[in-house]
Amino acid sequence: MFDLDAYRVVMFDQRGCGRSRPLANAADADLTAQTTHGLIADIELLRDQFGVDRWTILGLSWGTTLGLAYRWWLCISTRGWRFDTHVGL
């Protein structure tokens, strides 16, 4: 999917899913910070921690919506974007 010789790839699971902890369906999960703005802040924190000035965003499924929101609010740090979502019929 990515040419690792040409691109530096940073992949992450948004807060509450995948390998992030706590999972959103955990009994003790605090979902008060599970907002679009909070998730965008998480992405910006990652961008800052990795020292990335501008990057290309790839969003899949819910990441499509999150990527669009990120692009909308913080377009200065985005070089490009690609979104892919599938709707079952």
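Biologist: Which residues of helix 2 are buried?

Modeller: In this predicted model, the buried residues of helix 2 are G63, T64, L66, G67, A69 and Y70. The helix covers residues 62-73, which makes 12 residues. From its first C-alpha to its last it reaches 17 Å, close to the 16 Å expected at 1.5 Å a residue.

Biologist: Which salt bridge links distant parts of the chain?

Modeller: R15 and D42 join their side chains in a salt bridge at 2.6 Å, N to O. This pair links distant parts of the chain, as R15 lies in the segment before helix 1 (36-49) and D42 in helix 1, 27 residues apart. R15 is partly exposed, with a relative accessible area of 28%, and D42 is also partly exposed, at 23%.

Biologist: Where do R47 and E44 lie?

Modeller: Both residues belong to helix 1, three residues apart, about one turn of the helix. The side chains of R47 and E44 form a salt bridge at 2.8 Å, N to O. R47 and E44 are both buried.

Biologist: Is R19, which meets D13 in a salt bridge, buried or exposed?

Modeller: R19 is exposed, because its relative accessible area is 73% and exposed means over 50%. The distance between the two side chains is 3.6 Å, N to O.

Technical notes: Residues are numbered from 1 along each chain as its sequence is written. This is a predicted model: local features need pLDDT of at least 70, side-chain atom pairs count only at pLDDT 80 or more; totals for chains, interfaces and linings use all residues. Side-chain values use heavy atoms; hydrogens and water are left out. Helices (H or I, at least four residues) and strands (E, at least two) are DSSP runs, numbered from the N terminus. The expected span of a helix is 1.5 Å times one less than its number of residues. Buried means under 20% relative accessible area, exposed over 50%, partly exposed in between (1.4 Å probe, protein chains only). A salt bridge is a side-chain nitrogen of Lys or Arg within 4 Å of a carboxyl oxygen of Asp or Glu.
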